[in-house]
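Here are a few exercises to work through with the model open in your viewer. Try each one before you read its solution.

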Amino acid sequence: MPEGPGPAHQGSGPSRRFLLAGIGTAAASAALSACSVPASPRRTTSTADPMPGKAISVARHDRLMQILAHPDDDMYFMNPDTQRMLDSGTPLVCVYVTAGEATGINVIAGQPHPVPDKPAYSSARHQGLRQAYAVQLGLPPFTEWQKDVVTLRGGIRAEVDTLVRGTRRVELVFLNTAMHTAHGRLGLPSLWTDRGLSLRTVVAEGSPLQEADAYTYDAMVDVLTGLMAQYRPTLIHTLDPDPDIQHSPAAVRRKDSEQVGYSDHADHTATASFSWAAMIRWVAEATQGKGEVPAFVATAYRGYYNRHWPKNLSPKVLAQKAANLLPYGGNEAWSCGNPGGCGDYNVGVGRPLTNKKGWVRSTHYRYPGPRPVLATEQDGHLVGYGVLGLRAVRWRETAPGSGQWGSPHDLGGGPLAPTLGAAVLKDGRQLLFALRFASIAGHGSTNTREIVLLQQSTPGGKFAAWTGLGNPESDPDRGRRIGVPVAVTDRAGHVHLFIRDAAQGISTRVRSTAGSWSPWRSLGGGQIQDGLSAAVDSAGLVHVFASGRDTVHHWAQTVAGGPVELHPDPLLPLPGDFPTATAAPDGGVDVYYRRPATAATTHVHLGGTRPGARAGTRADSRAAEPALLGQDDRGRIQLLLNGKVLRRTDGVVPLSGATLLAEGATSAGTAGDSSGPTVAGIGPGALPWLWRPVRDV
């Protein structure tokens, strides 16, 4: 469970700057390897090694692993993504850390509460999951599953249920820790913070596992690490390790099931923290000696955060997501064959859509999802930079225009959040920015984040050592709430770096043409989501856009070289997802995003000299192209090009985002060349894909 929020002042900038460039390689390794996952004081553990050049494994099969606090977290917070992965044939492993037994009361609407029975309620929720995933595989809800008892690391045992249909496979792993300690405190948050706690498991009624066990902090990290090493997932879904600061009145907080001071359930935060600690340990163990970095990408999902922001799912997607929850909720009148019950009854019978908390109506990401940053080398090769195995990597096209990626090259720096920021200097040198888990630890230890930089020494050449750019928040707890970096280079060659800060506004640092960085500076604003979009218009002015609770917030320069400041645009409609900003030929900026609860894209043109277009109004004239328009109701990537909306219909299913390289965009292209825009993303196998849609026009 997070500690208190602490003071609300900005960091001092240079005094917190953590410089590694210019020091010896050994010293840089020692400094950046500060990220560790401490076990109990009685033992040592592997730590993250940020040095580059490690071998990266080749995944034999795609596999999605989801690590959940409670039964139904996947249904509420990770769909429709989970369903799309299953539909594509990706095998799924769900790890449920708690038993979900709560008070032991399986509420039936309109009836008196039954006698509390924790083993039965845990069993009923397990059965609800079996029903829901059977239906998602296209099978009857009461299809029989294979139930087994397996021994995990440290000798701890768990129930594993398996269902296979053709090439599709779902496994449910029930760790079943108690949701409360013997003293009534929440179990997982206490396990994360308390040194001496041993948390018992709940034996679910009807389970093949009939003996209770117990977890310590270290045992939980070990078990999750062992499951990762066993299943070798290529995609890991976790919950939110660093929820927003949210000060709600006590009555509202209890009604919303949120922890004191933060916008999520404390079990979600603890489970996500254990998950990230386990991912870090998995990579550290796998790379000991000359071992290979596991090839996987991660996505973190918001939880009860969804309650506080505009709903972002279209009616069609929402209907399917809610439908998946119905067999999980089940019905007390069903004859499912499970002695503990046939689902989580308070969720069934249409209630997901009538729940006033609205969790089902959104799917939000803690960080924008995994995607590569694209650039073109001087010899014409396309390169992509991304995060693989929590480390920065580079992919290079096998030949200019081939559309085929070579093997990833390790750039180190981990453990990193899933998405990189990037900018290119005027001389062609590439800059990469990342949000780094400088430490993630329980037992009252430090839990800190920092922004880091990797810079090419020469255009197209090798990279120098990683450099720490600090954190705009001076309080470590507030520093956990920052977002992933976004950067642009203005016409004069200054690099503008932006991140969402703990106050839910934007903070910035600026790199001069001489290479020095300004202190962190707050740009104000507030109440925005992560997923910033920055652009430089044809007049050389820098713009930044971010989705808020009421509008799309806009920051911009008024003169070239001047400060970036908040510029409210009252006619920007309420957003439902992240904006995409593109410089328009007339000197203005085109902004694209979806409104709440719709699949349609809104286009707003700001500024410029386009005939009939006025600042802050929606323009009917042709927009700047090409432009990414997010994903449609089926999860397909959309691109606006030549006045048409094109959709990527072939290849692997994309994860939650893509990037666009517009260089060379033309109205026509020929097969075999690389003219026109290039779109890239990541698939469930942790492999990048390319789409050059100009060839489809």
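**Exercise 1.** In this predicted model, work out how helix α6 packs against helix α8.

*Solution.* Start with the geometry: α6 covers residues 217-231 and α8 covers residues 266-286. Their axes lie 8 Å apart, at an angle of about 60°. Next, the hand: α6 passes α8 in a right-handed crossing.

Now pick out the side that touches. On α6, the contact is made by Y217, D218, M220, V221, D222, L224, T225, M228 and A229. On α8, the partners are F274, S275, A277, A278, M279, R281, W282 and E285. Sorted by type, the residues of this α6-α8 contact come out as 11 nonpolar, 2 polar and 4 charged.

**Exercise 2.** Find the strand order of the open sheet of 3 strands, and say which strands sit at its edges.

*Solution.* Trace the pairing and you get the order β32-β33-β34, with antiparallel pairing. The edge strands are β32 (658-661) and β34 (688-691), since each of them pairs on one side only. On average, neighbouring strands in this sheet are turned by 25° against each other, direction ignored.

Then zoom in on one pair. β33, residues 678-682, runs antiparallel to β34 and pairs with it over 4 bridges. Within that pair, A680 stands opposite L690 in β34.

**Exercise 3.** How many disulfides does a search of the whole structure find, and what is the hand?

*Solution.* The search turns up 1 disulfide. It joins C336 to C342, with an S to S distance of 2.1 Å. That distance passes the cut-off, which asks for sulfur atoms within 2.5 Å. Finally, check the torsion about the S-S bond of C336 and C342: it is about -90°, so the disulfide is left-handed.

Terms used. Residues are numbered from 1 along each chain as its sequence is written. This is a predicted model: local features need pLDDT of at least 70, side-chain atom pairs count only at pLDDT 80 or more; totals for chains, interfaces and linings use all residues. Side-chain values use heavy atoms; hydrogens and water are left out. Two strands pair if DSSP finds at least two bridges between them. Helices (H or I, at least four residues) and strands (E, at least two) are DSSP runs, numbered from the N terminus. Axes are lines fitted to C-alpha atoms, for helices over the stretch in contact, and angles run from 0 to 180 degrees between N-to-C directions. A crossing is left-handed if the near helix is turned anticlockwise from the far one by less than a right angle, and right-handed if clockwise. Contact means heavy atoms within 4.5 Å. Ala, Val, Leu, Ile, Met, Phe, Trp, Tyr, Cys and Pro count as nonpolar, Asp, Glu, Lys and Arg as charged, and the others, Gly among them, as polar.
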